[in-house]
There are 2 protein chains.
Amino acid sequence: MKSTIFYGARDIRVEDRPKPTVKNPGDAVVRVVRSCVCGSDMWPYRGINPYPNGTQMGHESIGVVEEVGADVAIAKPGDFVIVPFPISCGECAACRAGFESSCPNGGYFGAAEGEGCQSEYLHVPHANGTLVNVSEALAKGDIPGAPASPKDFDDDMLADLLTLSDVMGTGFHAAVSAEVKPGDTAVVFGDGAVGLCGVLSAKLLGATRIISMSRHEDRAAVAREFGATDIVPERDDAAVRRIMELTGEGADAVLECVGSSQSFNTALQVGRPGAVIGRVGLPHDQQIPADATFYRNIGIKGGPAPVRTYARRRLLREVLSGAIHPGHVFTKTYALDEIPQAYADMDARRVIKALVKVSEV
Amino acid sequence: MKSTIFYGARDIRVEDRPKPTVKNPGDAVVRVVRSCVCGSDMWPYRGINPYPNGTQMGHESIGVVEEVGADVAIAKPGDFVIVPFPISCGECAACRAGFESSCPNGGYFGAAEGEGCQSEYLHVPHANGTLVNVSEALAKGDIPGAPASPKDFDDDMLADLLTLSDVMGTGFHAAVSAEVKPGDTAVVFGDGAVGLCGVLSAKLLGATRIISMSRHEDRAAVAREFGATDIVPERDDAAVRRIMELTGEGADAVLECVGSSQSFNTALQVGRPGAVIGRVGLPHDQQIPADATFYRNIGIKGGPAPVRTYARRRLLREVLSGAIHPGHVFTKTYALDEIPQAYADMDARRVIKALVKVSEV
């Protein structure tokens, strides 16, 4: 089968690899229908935090179950599934508490612990604790406006569903961690796909004023479509001044979807007392000041997003009913063979997020 | 009037000062009935973070309103009130959001912004945003088991009410910030009065297993009375090992009521993924690691406690009905003239918390 392999900075190749098989009774093998390239794939691509040569890339996918081990109860061959980016055992304290993205028995796809999703087939360990069964959700027949069966999914629905494997769930985690509530003013750092999904999530949770810190017109346009009421291109002190002008005394909720120290330091200054910073950007040189946050009662929550929990609790229903269209973060579609170009286009910001069409439903 | 004045490390004197008067239309003057000595008073007393010489000490009190300015609507002369340790305007974003303890227009009693509560009378700026009117709450007549009037308060009830000016509200803030919910296992760092109130608060919020990190038998006894199911005297790595033995995979909620780097670093290691550390101990050399907390989805919330909000929402009712007895943190009562001895006894840990009887109701 075809698979996307890392060979160093800006060297991504599609190569032939053995088709994965069930190795343990808890495993599943999924035929990938759609995958995509993540902003976090850009870190190794740009030579920052490089992966070992030969790493299979990709941690976002949806597809059809091909084969399952004897212990797999969550799905059967032929079921349409979302494969969330974290591998999770489903049984530990983290999984039980709905933080399966920090499961100590799991790991992540497209990394040391898991094979890559930018492939024709994917080996899924701990399938019972990892997969989201879309066919089963549809079969209940209780979602108004949902397609009758996965065979009816069009390209737009597939794009929306694919975001639940990471980017939409991650934006939602930023909003949930920031404790967005109805009537809030929220500020969202990051206008990449996660930040844009953060805007959509703040809107879903009832924020009535949403400030997107965007400085790219294509991204600002999606932010507005997703619910942003204000676009602020300023950075650093100028950004703080502008947000204070807009909010008076600071935002009720702050979503940090970048991870850089520049963004995080600005985020620390723009919440009103008692605001929580929901952070989902991978931390790079972040410093959290213990004193400054204390006296203003500024909270910090977040981490790798429990996207499976969010899909099952709410987001799958929102997508299947057509209530939200997070798939609009994808601005170009590539074939699997074209994925080196998809990486190059993401790197050059020619696309917001690159969708990869691997197979038909 | 008599007032407690700071003159340097281990030099606290009771001196005569002018009786305060209403200076602004929003002011009140309160005749102090009970005050007490706080663990945080020990920092300047021990020569750490010293105050300027001449500072009036004390930020915890209850009393009877003596005089009010023309704009004061919350209480009238003769009303029995709790004076929370923060001065708060009642109108800014922080106050509206229930974080009046971080009000930028206020400050704290017994510090640069406010006069000291360890006095016969107290000047209260921003009375409408600061005071809790106990007489008014009683007059509604809807609290089962409550005394008919403040004239009926006995010494025990006065002790319980006094804790709502700081220590019980602060312990409650640790538990609320740590997001304690029914059925949780909670671990509480600190066996001072705040930590003990943290135990009681975790119990109030439904925790079923509560680990108190106590190493003093008198304090452990109060912890047990307040709901602690386990006492762990170990520190550092040994403490982490012991908590992991008790909890399996870490506590659901972590209350940090010390503020030292030793305590905070241990607290960072004992929550299960997704746990939140509710921190109310004044930070001293705390370091918050951005990476380690991120991958385990460990949240950090807290700061100076909005004790007024908690008193009005819930705690005043719990105390007046006799449901809780946080006043058991007071293990000795002093006259105002004896307050130098109260400080010395707190410093030597001869008492858990020193109550000061200033006047009758």
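Modeller: Happy to! Keep in mind that this is a predicted model. In chain B, 100% of the interface residues are also interface residues in chain A, so the copies meet through the same surface.

Biologist: How many residues of chain B are in contact with chain A?

Modeller: On the chain B side there are 31, and they touch 32 residues of chain A. Elements of chain B giving two or more residues to that side are helix H2 (93-96), strand S14 (271-279), helix H11 (290-295) and strand S15 (299-302). By class, that side of chain B has 14 nonpolar, 12 polar and five charged residues.

Biologist: And what rotation superposes chain B on chain A?

Modeller: A rotation of 180°, with 0.0 Å of shift along its axis and an RMSD of 0.0 Å. That is the relation of a two-fold axis.

Biologist: Nice. Switching topic: at what angle do the axes of H6 and H7 of chain B cross?

Modeller: Roughly 55°, and the axes of helix H6 (residues 167-177) and helix H7 (residues 193-204) of chain B come within 7 Å. That angle makes H6(B) oblique to H7(B). The crossing is right-handed.

Biologist: Which residues meet there?

Modeller: From H6(B), they include Val167(B), Met168(B) and Phe172(B), while H7(B) brings Cys197(B) and Leu200(B), among others. The contact has 10 nonpolar, four polar and no charged residues.

Biologist: One last thing: is Asp152(A) buried or exposed?

Modeller: Asp152(A) counts as exposed, because it has 11 C-beta neighbours inside 10 Å, and the cut-off for exposed is 12 or fewer. Asp152(A) lies in the loop between helix H4 (134-139) and helix H5 (155-163) of chain A.

Methods: Residues are numbered from 1 along each chain as its sequence is written. Chains are lettered from A and ligands numbered from 1 in the order in which they are written. This is a predicted model: local features need pLDDT of at least 70, side-chain atom pairs count only at pLDDT 80 or more; totals for chains, interfaces and linings use all residues. Two residues are in contact if their C-beta atoms, placed from the backbone, lie within 7 Å. Helices (H or I, at least four residues) and strands (E, at least two) are DSSP runs, numbered from the N terminus. Ala, Val, Leu, Ile, Met, Phe, Trp, Tyr, Cys and Pro count as nonpolar, Asp, Glu, Lys and Arg as charged, and the others, Gly among them, as polar. Copies are superposed by least squares on the C-alpha atoms of residues with pLDDT of at least 70 in both. A residue is buried if 20 or more other C-beta atoms lie within 10 Å of its own, exposed if 12 or fewer, and partly exposed in between; C-beta atoms are placed from the backbone. Axes are lines fitted to C-alpha atoms, for helices over the stretch in contact, and angles run from 0 to 180 degrees between N-to-C directions. Angles under 35 degrees count as roughly parallel, over 145 as roughly antiparallel, 65 to 115 as roughly perpendicular and the rest as oblique. A crossing is left-handed if the near helix is turned anticlockwise from the far one by less than a right angle, and right-handed if clockwise.
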